[in-house]
Amino acid sequence: MKLKTWFIVAATALTVFAAQAQEMSNDDIANRIKPVGQIHVAGAEAAGPAAAGGGAKSGEDVYNSACVACHSSGVLGAPKVHVAADWQPRLDEKGLDGVWQNALNGINAMPPRGTCASCSDDEIKAAIEYMIEGI
Ligand code: HEC
């Protein structure tokens, strides 16, 4: 009898604990999602007026986070940022839309979206426009 009572108490406590644990993990998830949103907005603000427009990342932001690794020094033959000689032949041949499509889909050693799976089509385009700025 005594053992059975203990068992019921223990089982009840476990159930309550489990319910709380479930609640806590939901809170955890909510908390985890929230700061990401805040960081995103803060980043957009830090980028200045170019980033204005619904929290989209600026071309410079996208370039610095996803493209710089290859496009600053020309890894694997990547056209280098702001180097007209690297970009002009591609733009002459395919136009901005052509190179944009290739950046979205990938071309040779250039990975689709430059590995930025979370970048929108427009953010990829903005990064290209940043790389060819002044050319
Ligand atoms: C892993 C290295 C790497 C990363 C990261 C990378 N690229 Fe590239 N990219 C390349 C290489 C290599 C080429 C040249 C491909 C070729 O024409 O053979 C290229 C070419 C391009 C071209 C020209 C395509 C054409 O049709 O001529 C564009 C536009 C481009 N990249 C945009 C981007 C953007 C935007 C990002 C970031 C979001 C990015 N790349 C990130 C390696 C990379």
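**View A. The largest pocket holds about 470 Å³ of space.** The model is predicted: local features need pLDDT of at least 70 and side-chain atom pairs pLDDT 80 or more, while totals for chains, interfaces and linings use all residues. Residues are numbered from 1 along each chain, and side-chain values use heavy atoms, without hydrogens or water. A pocket is an open set of points on a 1 Å grid over the protein atoms alone, where a 1.4 Å probe fits, with protein on both sides within 12 Å along at least five of seven lines. Its volume is the space filled by probe spheres set on the points.

**View B. The lining of the largest pocket comprises 27 residues.** Lining residues have an atom within 4 Å of a point. His71, Ala78, Pro79, Ile107 and Met110 lie nearest the centre. Helix 2, helix 3 and helix 4 each give two or more residues. Helix 3 gives the largest share, 6 residues. Helices are DSSP runs (H or I, at least four residues), numbered from the N terminus.

**View C. His71 (NE2) and Met110 (SD) coordinate the iron atom of the ligand at 2.0 Å.** Donors are N, O and S atoms within 2.8 Å of the metal (3.2 Å for Na, K and Ca). His71 lies in helix 2 (residues 59–71) and Met110 in the loop between helix 3 (84–105) and helix 4 (121–131), so the pair ties together parts 39 residues apart in sequence.

**View D. The iron site is octahedral, with angles of 87 to 179 degrees among its 6 donor atoms.** Six donors count as octahedral if opposite donors are over 155 degrees apart and all others between 65 and 115.

How values were computed:
Tetrahedral: all angles 85-135°; square planar, octahedral: opposite > 155°, others 65-115°.
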